[in-house]
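Student: I would like to go through this entry with you. Let us set each label against its cut-off.

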Amino acid sequence: MTALEFVLICFFVSIVGGFIGSLLGLGGGLVVIPMLTLALKVDIRYAIGASIVSIIATSSGAAAAYVRERMTNLRVAMVLEIATTLGALTGGYLAGRIAGRWLFMVFGIVMAASAVMMLRKRRNAASDEGEGTPWANYLRLHGSYYDGALQKEVSYRVVRARLGLGLMYIAGMMSGLLGIGSGVLKVPAMDLGMRLPIKVSTATSNFMIGVTAAASAGLYFARGDINPFIAGPVAAGILVGAMIGARVMGRLQNALIRYVFVVVLLIVSAQMLLKGLKGN
Amino acid sequence: MTSNGSDPASPSAPPEDRRVVRVEIVISWVLRVGVVTSLAVVVAGMLLIFVHHPELLTSATRLQDLTQRGAVFPHTLSEVFQGALRTRGEAIVAVGLLLLILTPVTRVAVSILAFVYQRDRAYTFITLTVLIILLMSFVIGRLE
């Protein structure tokens, strides 16, 4: 393979990864890292470094739209970002200290867990009843948004802010350790844990992912794990793929496609685990 | 965001709320411009790499040096800037990636303004904390 071929393959593989990722509501990272490491034999640290910067691109692109639509709860995002960025620093720090094979194993486990999480019904646990909890009241986390499907303003009360912070620390740590957005952990922490409406949870999670990724990206960059030759084409590819995915998303709401992807994710996660167990 | 149900963008809304809406528009703009600019720089840098090193188009051996563990590329601010001044492709790509990393950081910094306008001490403090954590990541990475 020549260097040009490598760059082009990285670019197109990342387009596919970004495309599938955005269809599944995952960042591109869960798809791109296995592709880079298993198929192209890229060092896992370079793959993680490339993925973490790509996530910033996709999250920022999507967040720009969400903020304008006022779907994002900026207060909830800011409070929780304290936990996700601290978690991301912890994860990014640990990533530089543990062997590559452990990264493969943790990645395999998190990937399998994410696949299973995708099967859960997207129940909307939000409600406007009850008093909220003292922390959520003090921080004025409650909010409202305009629901296009219901054609009315929906207001909601937030509960269990501290539980949310704890879960977000873990989500941030996984993000920093594995170079993924970990939206699959962030969304349930908000909609099931803190009882935000699912649409607000998704928009807020997407908004937070970029900030979380930036916290560990700084670490990875300074450490020399962001290889421009790999991260460049991957970042461009994931962004292009995610943009295409966002376009066709409305037309592709087939449950069957979702199940097929879940099976694929499970198979790939087993391969990542196996690679970790075998060492090199 | 506000629970009182009134539309903060309407002229009847208090001036603080209108300023907040303006900050949100700026945030949305920062994110968009940040992503587009950084990716344009990345692509330009990639093209430069191949212009400066035509042997990469044909030789397979150079690929190993670039992608395997221990590859040499700029990863400190001074290396990146000195390389970029000499229009080295890798350094230009790195500038683009740094711009991308700085996009959410700028976004957080702009958000601080929104809370200052609202005279919201608690949230000014919370957002400042997030910004400090973000800036710390670069420092910790350097210290290692």
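Student: What makes α7(A) a covered helix, and how many of its residues are buried?

Tutor: This is a predicted model. A residue is buried if 20 or more other C-beta atoms lie within 10 Å of its own. In α7(A), 13 of the 18 residues are buried, so the helix is mostly covered.

Student: How do you know whether the span of α7(A) agrees with a helix of 18 residues?

Tutor: Helix α7 covers residues 161-178 of chain A. At 1.5 Å a residue it should span 26 Å. The end C-alpha atoms are 26 Å apart, so the span agrees. After the helix comes A:G179, with a positive phi near 70 degrees.

Student: What makes A:I98 exposed, with its 12 neighbours?

Tutor: The cut-off for exposed is 12 or fewer. A:I98 has 12 C-beta neighbours inside 10 Å, so A:I98 counts as exposed. The residue is in the loop between α4 (74-95) and α5 (100-118) of chain A. Its C-alpha lies 28 Å from that of A:F11, and the two are 87 residues apart along the chain.

Student: How do you know that β1(A) and β2(A) pair, and how many bridges join them?

Tutor: Pairing needs at least two bridges. Strand β1 (residues 143-147) and strand β2 (residues 152-156) of chain A are joined by 5, so they pair. The strands run antiparallel. A:D147 has A:K152 in β2(A) as its bridge partner. The hairpin has 4 residues between the strands, and A:Q151 takes a positive phi near 55 degrees.

Student: Now chain B. Which pattern does it follow along the sequence?

Tutor: The pattern is α-α-α-α-α. Chain B has 5 helices and 0 strands. Of its 144 residues, 37% count as buried. Take the contacts between residues at least 6 apart in sequence: 55% of them join residues at least 24 apart.

Student: How do you know whether α4(B) reaches its expected length?

Tutor: Helix α4 of chain B runs over residues 89-117, which is 29 residues. From first C-alpha to last, α4(B) reaches 42 Å, close to the 42 Å expected at 1.5 Å a residue.

Student: Where does α4(B) bend?

Tutor: At B:T103, by about 30 degrees. A proline, B:P104, follows within four residues. Just after the helix, B:R119 takes a positive phi of about 50 degrees.

Student: What confidence does the predictor give the complex?

Tutor: An ipTM of 0.85 and a pTM of 0.86. For chain B the mean pLDDT is 82, and 85% of its residues reach 70 or more. Over residues 1-10 of chain B, pLDDT is below 50. Beyond near neighbours in sequence, this stretch has 19 contacts in the model.

Student: What should a reader do where pLDDT is low?

Tutor: Predicted coordinates with low pLDDT should not be read in detail.

Terms used: Residues numbered from 1 in each chain as written. Chains lettered and ligands numbered in written order. Predicted model: local features only at pLDDT ≥ 70, side-chain atom pairs only at ≥ 80, totals over all residues. Helix = DSSP H or I, 4+ residues; strand = E, 2+ residues; numbered from the N terminus. Expected span 1.5 Å × (residues − 1). Bend = angle between axes of the 7 residues up to and from the residue. pLDDT = per-residue confidence, 0-100. Contact = placed C-beta atoms within 7 Å.
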